[in-house]
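Q: Please show me how to read a protein model, taking one kind of feature at a time.

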Amino acid sequence: PLMEKAYAKLHGCYEAINGGSMAESLVDVTGGASEKFDLRAPETAELIENSTFWKDLKKNHQQGYLLGCANVVKDDNKVKTDGAGQTGILFNHAYGIMDVREVDGLQLVRMRNPWGQGEWTGKFADEDEAWDDYKGLKEKLNYVFKDDGTWWMRYEDWCIHYNKMYIC
């Protein structure tokens with residue numbers, strides 16, 4: 001949040017950075033190089049299918065790379081649209097990837113909405129019954145349910161509900 005505020009101030013206001021490029025902002029803030037992945041592209045879909053993408057995602061997180069994602073949705077005129085999917089993921093909104101873990105046979109991704117509110121409502125959402133099937137998982141992840149804009153989700157759900165990933 002502090003970096004976002006500084007970035008907005010650099011550009012004059014929050015409205016000036018709304019709807020901008022996540023890849024470009026990562027470069028602006030860090031001075032690093034960024035890469036964007038289209039999760040629906042055939043070459044990326046193949047990496048997802050053969051588990052290479054998961055292994056790379058875990059490795060990139062462990063090495064301290066900044067990771068983010070979005071569900072980019074455009075109308076028939078190629079204009080980005082507002083809205084949200086049935087599980088609470090906002091269209092054309094940047095999300096941070098905070099953690100990537102494999103625990104008790106589950107591939108999990110911890111997400112953050114930079115707005116600090118609005119969360120995933122699918123499997124493993126806060127208070128979801130899936131947590132009951134994995135006793136002690138919350139403790140292993142050091143996770144507490146609260147309305148703070150962060151959540152865990154299964155990697156397979158992440159691959160379905162997001163279509164762009166950014167790394168810097």
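## Reading the model

Q: Where does Phe-124 lie?
A: Phe-124 lies in the loop between S4 and H6, where helices (H or I, at least four residues) and strands (E, at least two) are DSSP runs numbered from the N terminus. This is a predicted model, in which local features need pLDDT of at least 70 and side-chain atom pairs count only at pLDDT 80 or more, whereas totals for chains, interfaces and linings use all residues. Residues are numbered from 1 along each chain as its sequence is written, and side-chain values use heavy atoms, with hydrogens and water left out.

Q: Does Phe-124 count as buried or exposed?
A: Relative accessible area decides this: buried is under 20%, exposed is over 50% and partly exposed is in between, computed with a 1.4 Å probe on protein chains only. Phe-124 has 0% relative accessibility and so counts as buried, and its phi is positive, at about 75 degrees, although Phe-124 is not a glycine. Lys-78, in the loop between S2 and S3, likewise has a positive phi without being a glycine, at about 65 degrees, but Lys-78 is exposed, with a relative accessible area of 64%.

Q: In what order do the strands of the sheet stand?
A: Strands of a sheet pair through backbone hydrogen bonds, either parallel or antiparallel. Here the six strands form an open sheet with antiparallel pairing, in the order S1-S6-S2-S3-S4-S5, two strands being counted as paired if DSSP finds at least two bridges between them. S1 (35-38) and S5 (150-154) stand at the edges with a single partner strand each, so one side of each has no neighbour in the sheet. From one strand to the next, the twist averages 30 degrees, where axes are lines fitted to C-alpha atoms (for helices over the stretch in contact) and angles run from 0 to 180 degrees between N-to-C directions.

Q: Which residues are bridge partners in S5?
A: S4 (residues 106-112) and S5 run antiparallel and are joined by five bridges; in S5, Met-153 is the partner of Val-109 and Trp-152 is that of Arg-110. Although S5 stands at an edge of the sheet, five of its five residues are buried, so S5 is largely enclosed by the rest of the structure. Thr-150, Trp-152 and Arg-154 are buried on one side of S5, as are Trp-151 and Met-153 on the other.

Q: Which strands does helix H5 lie across?
A: H5 (residues 52-62) lies across S1, S2, S3, S4 and S6, running at about 110 degrees to S3.

Q: Which residues touch the most other members of the largest nonpolar core?
A: A nonpolar core is a set of buried Ala, Val, Leu, Ile, Met, Phe, Trp, Tyr and Cys residues joined through side-chain atoms within 4.5 Å. Of the 32 residues in the largest one, Leu-57, Ile-97, Met-111, Trp-151, Trp-158 and Tyr-162 touch the most other members. Elements giving two or more residues to this core include H5, S5 and helix H7 (155-161).
A: Ser-34 lies in the loop between H3 and S1 and is partly exposed, with a relative accessible area of 29%. Not counting residues up to four places away in sequence, Ser-34 touches Ala-23, Val-27, Ile-167 and Cys-168. The C-alpha atoms of Ser-34 and Cys-168 are separated by 4.2 Å, although these residues are 134 residues apart along the chain.

Q: How much space lies in the largest pocket?
A: Rolling a probe the size of a water molecule over the atoms shows where empty space is left. The largest pocket holds about 1600 Å³. A pocket is an open set of points on a 1 Å grid over the protein atoms alone, where a 1.4 Å probe fits, with protein on both sides within 12 Å along at least five of seven lines, and lining residues have an atom within 4 Å of a point; points are joined across faces, edges and corners, and the volume is the space filled by probe spheres set on them. Among the 47 lining residues, Glu-4, Met-22, Ser-25, Ala-94 and Pro-114 are the closest to the centre of the pocket. H3 gives the most to this lining, with eight residues.

Note on methods:
Contact = heavy atoms within 4.5 Å.
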